[in-house]
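Please look through the sequence and the model below before reading on. The text after them is meant to be read with both in view.

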Amino acid sequence: MDISTVAAEATPATSSPAAAGAKAEEAGQASLRQLGINPNHWYVLARSRELQTKPLGLTLWQQPILLYRDRNSQVHALEDRCPHRQVKLSEGQVSGSEIVCAYHGWHFNAAGACSHVPYLEANQKLPNCTLRTYPVREQDGFIWVFPGDPARLDAEKIEPLSLPEWDHLNYIATVSVINVQAHYSFLIENLMDMYHGHLHQDYQAWTEPVLQSLETTDERVDAHYQAQSYYRIDKIWSISQLFIPALRQLHPEPLDVSYAYPNWVATLGQDFKICCLFSPVNATHTRAYLIHFTSLQAFPNLHKQPQWFRRWLKTRLFGSAQKMLDGLVEQDVVMLEQEQQAYLAAPHRKGPELNRALVSVQKLIRQQATQRV
Ligand code: FES
Ligand SMILES: [Fe+2]
């Protein structure tokens, strides 16, 4: 694995990966904004609670995928296409452990095989039409799908991103959905670039970030910033800092942001963690879930309370940072869609890149997207 650690001050702003990226495009390689995804990773498709008794039809990098829960609540993922007339199977219904097409009522089992046709004549056989199935996991409140090579999944023991805070009683979660008409590279660049706090003003929990160092591998980019944070959860009223800027007190905190391909994770000091789970739809549309966790580690008395109370409190406080998170997303989406439109209007026009973290991000996207499957 190619591991390089770059001290921020050691590398000039116009570093070689940027030049390499530009050269790659000049040499006829695909533009960054048109690159695909590396399918050999787990991708989030939905929140667990979004999938109830009705099937869900979603798209992951141009592939229509159907999610459904069988009678035992087990989740299955199939190609969302009825092989009879090519309509969406997700328009149908679940029956026991099978999915029934809305049009003529053919049944398909979880292995993707046609198992019943209501009007099959005595001398007819069931049609031999098998749908693609996808490995699927329900973990930490989300449904994950693996669109790559199942042999690699087993051989390399590839796991979804772990979110231990989701069920942990010491963390309060908030989820915001990002639905942006832009290539996923614009979104990850936005998330890795702490210098765009200018856009967010009061919504941002930190200010004055300075990139300290950068680590890159074939799998991830870790950027370490130092920032001034408004965010300290050590009093019972601390959460109100999210709504009342006057209560905020600046103090220095490390701000670590990582592109753990294909997802993003950031921490600000001890109390603040935020993740973005990517679900790219196509080259101009990206869905993602932004999840914020506030830690309650600073309240040891709370930890002595009965589990039922702590669970009740966790549930009660779910979504405490909703206004902040939705506000950030709304502002970012405007910028990202303008970037996408500007790219489509003039694909060869490029602005100068002054944040070296983004140069590494672009390099990682290209490496991952062009890996031979
Ligand atoms: S189109 Fe699905 S059963 Fe006919
Ligand atoms: Fe932002």
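This is a predicted model: local features need pLDDT of at least 70, side-chain atom pairs count only at pLDDT 80 or more; totals for chains, interfaces and linings use all residues.

Residues are numbered from 1 along each chain as its sequence is written, while chains are lettered from A and ligands numbered from 1 in the order in which they are written.

The protein is divided into domain 1 (43-156) and domain 2 (164-369), with bounds that come from an automatic or database domain assignment. Between the C-alpha centres of the two domains there are 32 Å. Where domain 1 and domain 2 touch, 11 residues of domain 1 are in contact with 11 residues of domain 2; contact here requires that the C-beta atoms of two residues, placed from the backbone, lie within 7 Å. On the domain 1 side, strand S2 (43-47) and strand S3 (56-60) are the elements that give two or more residues. Helices (H or I, at least four residues) and strands (E, at least two) are DSSP runs, numbered from the N terminus. S2 supplies the largest share of that side, four residues. By class, the domain 1 side has six nonpolar, three polar and two charged residues. In this classification Ala, Val, Leu, Ile, Met, Phe, Trp, Tyr, Cys and Pro are nonpolar, Asp, Glu, Lys and Arg are charged, and the others, Gly among them, are polar.

Two strands pair if DSSP finds at least two bridges between them. Ala46 has Ile143 in S11 as its bridge partner. S11 is joined by four bridges to strand S10 (residues 136-139) as well, again in the antiparallel sense, and here Ile143 is the bridge partner of Glu138. S10 and S11 form a hairpin with two residues between them, and Asp140 in the turn has a positive phi of about 55°. Which residues cover the two faces of S11? Phe142 and Trp144 on one side and Ile143 and Val145 on the other are all buried. A residue is buried if 20 or more other C-beta atoms lie within 10 Å of its own, exposed if 12 or fewer, and partly exposed in between, with C-beta atoms placed from the backbone.

S3 belongs to an open sheet of three strands in the order S3-S4-S5, with antiparallel pairing. Its edge strands, each pairing on one side only, are S3 and strand S5 (75-79). From one strand to the next the twist averages 30°; axes are lines fitted to C-alpha atoms, for helices over the stretch in contact, and angles run from 0 to 180 degrees between N-to-C directions. S3 pairs with strand S4 (residues 63-69) over five bridges, and Thr59 stands opposite Pro64 in S4.

Another open sheet has four strands in the order S6-S7-S8-S9, with antiparallel pairing. Strand S6 (93-95) and strand S9 (114-116) are its edges. Two bridges join strand S7 (residues 98-100) to strand S8 (residues 107-108), and Val100 has His107 in S8 as its bridge partner.

The helices come next. In helix H3, nine of its nine residues are buried, including Tyr184, Phe186, Leu187, Asn190 and Leu191. The axes of H3 (residues 184-192) and helix H7 (residues 356-369) come within 9 Å and cross at roughly 150°. At this crossing, Ser185, Ile188, Glu189 and Met192 in H3 meet Ala357, Leu358, Val361 and Ile365 in H7. The contact of H3 with H7 has six nonpolar, one polar and one charged residues. Helix H5 (residues 307-317), in turn, is hardly covered, as zero of its 11 residues count as buried. Just after H5, Gly319 takes a positive phi of about 85°.

Finally, Val257 is in strand S15 (residues 251-260). Why does Val257 count as buried? Val257 counts as buried because 22 C-beta neighbours lie inside 10 Å. Leaving aside neighbours within four places in sequence, the contacts of Val257 are Met192, Met194, Ala223, Tyr225 and Ala266. Met192 is also one of the H3 residues that meet H7.
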